[in-house]
Amino acid sequence: MATIASLFKLHRSRSVAYDDHAPGLVPFISNGEHDAGVLGYVEPLPGETVFDFVGVVVSALSGAAVHAPPYIARGGAGSGLVVLEPREKMSPQQLAYLAAYFNRTAKWRFHWYRQLTTDRLLPIEMPAAIPPGVRFPVEKVLPPQLAPAKRPSWRGTFAPVALDTIFHLKSGDHHVLGDLLPGKTPVVSCGDGDNGIAGFHDVPAPYQGSLTIAFNGMNTLTTKYHPYRFAAKDDVAICTPRKPLRLTSLLFVQVMLNRERWRYSYYRKCYMNKLPRFEVPLPFKNGGLDEDLMEMLVTTAPYWDYLKTWTSGTDAFL
């Protein structure tokens with residue numbers, strides 16, 4: 001292993017704010033993971049550092065990424081970026097390997113309240129030798145990209161269906177997660193990340209294979225499916241089918257509910273007293289839900305074979 005100080009020269013970036021630039025051809029890199037931190041393309045201003053080498057740009061908030069010259073990195077105290085210039089010639093692939101290693105092993109050390117500094121970067125250890133021809137077998141970690149099945153032509157009749165006619169609806173059982181002891185049961189809340197799981201606690205797990213609908217947050221009415229056993233906070237509704245529904249029917253209802261989120265917001269929430277009478281358009285046939293049509297529409301969608309492995313009703317992936 002070798003330290004960052006022995007592998008790289010460290011440069012503190014100097015620049016003015018992104019919005020003070022005129023449009024140009026030089027990428028301006030800031031904190032953020034989207035587009036490797038590139039906010040846009042600007043015309044450099046006098047006194048700014050325009051880097052002229054392939055380097056690793058390190059952010060306190062979004063890790064490390066490799067950039068090709070020329071580029072400008074956000075300056076300023078605290079949240080400014082650090083640019084690593086290799087002391088010896090390295091290929092872009094080698095630099096990408098080191099950036100990925102940093103993100104995997106050291107990124108967690110830095111955040112808004114523990115800002116990145118050159119002094120904190122210098123002693124971090126990295127692999128001393130990387131093969132010049134290092135490659136990243138990305139295809140091994142991605143789901144297989146299969147040609148989507150040709151969708152058969154279909155005709156169907158959609159009708160508005162009130163939620164309480166197909167689901168038993170109830171609020172979750174827990175109010176404050178801070179009152180619960182750590183444990184193994186996933187507790188679902190109204191957040192977007194991690195399929196709504198807000199933490200793991202020592203509580204019973206009375207639900208499985210159900211939908212949850214968020215009452216709170218910026219995306220009120222957001223609906224998620226949970227194939228595993230779980231508990232829930234009282235800021236979501238648990239939707240248990242009144243009679244058995246196919247997995248594809250539940251996923252179709254989830255999609256159709258999420259299409260209706262525009263009706264609610266943080267300032268116009270969907271409380272429990274509104275939810276039972278909320279209507280969602282669903283395929284209808286012979287006086288009941290057309291589950292055959294919903295199954296056909298779901299299973300012929302791209303990536304269904306990948307998706308169904310995560311909705312198999314097991315707890316293996318938790």
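Analyst: A quick definition to start: buried means under 20% relative accessible area, exposed means over 50%, and partly exposed is in between (1.4 Å probe, protein chains only). This is a predicted model, where local features need pLDDT of at least 70, side-chain atom pairs count only at pLDDT 80 or more, and totals for chains, interfaces and linings use all residues. Residues are numbered from 1 along each chain as its sequence is written, and side-chain values use heavy atoms, with hydrogens and water left out.

User: Thanks! Which residues of α2 are buried?

Analyst: Gln94, Leu95, Leu98, Ala99 and Phe102 are the buried ones. They sit on the same side of α2, because they cover an arc of only 140 degrees around the axis (the arc is that of the directions from the helix axis to the C-beta atoms).

User: How do you know that the span of helix α2 agrees with what it should be?

Analyst: The expected span is 1.5 Å times one less than the number of residues. Helix α2 (residues 92-105) has 14 residues and should span 20 Å; its end C-alpha atoms are 20 Å apart, so the two agree.

User: Why is Trp112 called exposed?

Analyst: Its relative accessible area is 52%, and the cut-off is over 50%, so Trp112 qualifies as exposed. Trp112 lies in the loop between α2 and α3 (118-121).

User: And what makes Asp35 exposed?

Analyst: Asp35 has a relative accessible area of 51%, so Asp35 is exposed too. You will find Asp35 in the loop between β3 (23-29) and β4 (38-42).

Definitions and conventions: Helix = DSSP H or I, 4+ residues; strand = E, 2+ residues; numbered from the N terminus.
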